[in-house]
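Please examine the sequence and the model shown here. The explanation that follows begins at a single residue and widens to the parts around it.

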Amino acid sequence: MGLGTTTGTTVRIVSARMVQPPSGGGGTPSEDIHLTPWDLRLLTIYYIQMGIVLPKPPVGGKSLVDALASSLARTLVRYYHFAGRLAVEELGDGTVTVSLRCTGEGAELVHAEAPGVAVADLMGSVHTSSPVDSAFFSLSGVLNGDAAIQSLPVLSAQVTELADGVFIAVSMNHSVGDGTNFWDLFNTWSEIHRGGDVNNTTPLLHGRWFVETSPVPIPLPLSKLQHVLQRFHLPPVREAFFTFSAASVKKLKARANEEMATNAISSLQALLAHLWRAVCRARRVPKGQETFYVLVIGCRGRVHGIAPGYVGSALVVGRAVCAAGEVQDKGLGWTAWQLNRTVASFDEATLREFLDRWVREPTFPYSKDLSARGGLEMSNSPLFNVFGNDFGWGRPLGVRSGFGADDKSDGKATVFEGPEGGGSMSLEVCLAPDVLERLLADHEFMDAVTLPLPLPA
């Protein structure tokens with residue numbers, strides 16, 4: 001993508017630079033970080049891409065971007081390894097290893113302009129026609145494994161000036177970190193930029209954690225890393241962004257727990273069950289057909305040795321599988337309970353067994369798997385601090401994900417904290433166009449949705 005070019009029809013790239021951690025103060029540690037199965041299995045999917053819509057800053061243009069580059073450089077002191085590069089080594093015996101080299105080469109910062117796009121174009125409706133496409137995010141269409149082959153940045157940010165606001169997006173290689181790391185970095189960047197103190201934040205643990213039986217580094221049974229990287233043309237989807245107030249989420253949770261005579265069902269499980277049931281109706285899935293929900297399950301706190309400040313991907317996926325008729329007929333509580341039991345099944349012994357088995361029999365996820373089989377998949381978390389990302393001129397007006405959020409495949413639902421906080425949540429849902437139209441017309445589903453709040457003047 002050349003400077004001064006237009007991507008799509010709305011975004012012009014003004015400049016791009018590498019931002020490096022400041023020298024001095026001990027410098028950047030020089031080391032190779034070997035990757036775990038949690039990291040390596042994600043080489044076949046796309047970068048994490050999330051961005052926030054902010055009000056118009058008091059200064060724009062080069063002055064704004066220079067200031068953001070300075071605060072990003074200081075952020076890289078905490079996340080020094082995000083200034084490094086993935087590297088692949090072919091061992092000559094039919095195997096390769098992949099590591100993160102802390103070279104200090106820098107993270108990318110792109111400055112773009114979209115004067116024809118207003119904040120209201122991104123935030124104004126429950127139904128999103130997706131003007132926030134790949135043009136608002138750098139490194140779109142890049143697989144995590146591509147970064148090792150092409151020596152690409154593992155972290156890239158794009159600042160796009162809008163007609164009446166700014167969109168700040170971050171693309172992060174999922175093989176060097178997960179959503180916890182992603183939003184911690186975003187939070188650190190915004191706090192440093194507005195002059196806050198980040199000295200009291202949780203210390204980071206950059207060293208990876210391996211089960212005792214694992215070789216380090218882990219050899220992958222490939223003569224070349226390219227052999228496992230694949231791209232697919234997926235069926236077209238439309239997006240809708242739904243927000244659920246704290247009161248609405250609380251009501252769903254209470255109903256689900258009451259139906260199952262328990263108090264173990266979480267707010268998120270109740271909300272995802274509400275979506276699952278509605279999507280089964282909208283897809284008109286035959287009642288005897290199998291349907292499934294893929295859940296991302298964080299391993300911090302589930303495995304001894306994975307502390308809150310652990311850097312790297314620390315997550316697995318669980319799959320709740322039911323007949324569509326059960327999901328539709330047995331009620332919200334029963335459906336939420338299937339999700340609850342799936343999450344509960346991942347104890348430390350199960351997670352250790354997964355890690356041990358993966359070293360011997362590695363498997364990789366692909367974006368086509370979800371679309372081809374008619375399931376649903378959750379990503380991100382409502383626990384991540386999105387609306388605290390105030391860079392000094394006002395809190396975010398909204399949040400969106402990019403193309404890299406697992407390809408925008410049919411059935412993908414990205415969950416965020418809601419703009420009002422206090423337990424509110426938002427879902428960015430991708431579905432086949434006809435299915436989404438039926439979902440929007442589903443009164444049982446939409447009754448729980450909070451219509452968009454008016455944008456501040």
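T44 is placed in the loop that runs between α1 and β4; helices (H or I, at least four residues) and strands (E, at least two) are DSSP runs, numbered from the N terminus. The model is a predicted one, in which local features need pLDDT of at least 70 and side-chain atom pairs count only at pLDDT 80 or more, while totals for chains, interfaces and linings use all residues. Residues are numbered from 1 along each chain as its sequence is written, and side-chain values use heavy atoms, with hydrogens and water left out.

With a relative accessible area of 3%, T44 is buried; the term buried stands for under 20% relative accessible area, exposed for over 50%, and partly exposed for what lies in between (1.4 Å probe, protein chains only). The side chain of T44 reaches the backbone oxygen of P365 at 2.6 Å. Apart from neighbours within four places in sequence, T44 is in contact (heavy atoms within 4.5 Å) with L143, V228, L229, F364, P365 and Y366.

The protein chain is divided into domain 1 (12–228) and domain 2 (238–447), the bounds coming from an automatic or database domain assignment. Their C-alpha centres, those of domain 1 and domain 2, lie 24 Å apart. How many residues of each domain take part in the contact between them? On the side of domain 1 there are 72 residues, and these are in contact with 62 residues of domain 2.

The size of an interface is often given as the accessible area lost when the parts come together. Domain 1 and domain 2 bury about 5,800 Å² between them, and 65% of this lies on carbon and sulfur atoms. Buried area is here the accessible area (1.4 Å probe) that two parts lose on being put together, summed over both.

The side of domain 1 that touches domain 2 draws at least two residues from each of α1 (37–40), β4 (48–55), α2 (61–78), α3 (119–123), β8 (127–128), β10 (165–172) and α5 (179–193). Of these, α5 gives the most, with nine residues. By class, this side of domain 1 has 40 nonpolar, 25 polar and seven charged residues, where Ala, Val, Leu, Ile, Met, Phe, Trp, Tyr, Cys and Pro count as nonpolar, Asp, Glu, Lys and Arg as charged, and the others, Gly among them, as polar.

Side chains of opposite charge can pair when their charged atoms come close. The structure holds 22 salt bridges, each defined as a side-chain nitrogen of Lys or Arg within 4 Å of a carboxyl oxygen of Asp or Glu. Between domain 1 and domain 2 the count is two. R352 and E212 meet through their side chains in a salt bridge (2.9 Å, N to O).

In helix α2, D66 and K62 are four residues apart and thus separated by about one helical turn; their side chains form a salt bridge (2.7 Å, N to O). D66 is partly exposed, at a relative accessible area of 28%, whereas K62 is exposed, at 59%. A further salt bridge joins the side chains of D184 and R78 (3.2 Å, N to O). Because D184 lies in helix α5 and R78 in helix α2, this pair ties together parts that are 106 residues apart in sequence. D184 is partly exposed, with a relative accessible area of 21%, and R78 is buried, with 17%.

The side chains of D178 and R300 also meet in a salt bridge (2.7 Å, N to O). D178 lies in the loop between β10 and α5 and R300 in the loop between β12 (290–298) and β13 (315–323), so the pair ties together parts that are 122 residues apart in sequence. Both D178 and R300 are buried.

Some backbone features remain. Most residues other than glycine have a negative phi, and most peptide bonds are trans. The peptide bond from V216 to P217 is cis, with omega near 0°, and P217 is found in the loop between α5 and β11 (238–244). L139, which is not a glycine, has a positive phi of about 60°.

Note on methods:
Polar contact = N/O pair within 3.5 Å; in protein donor to acceptor, adjacent residues only side chain to side chain.
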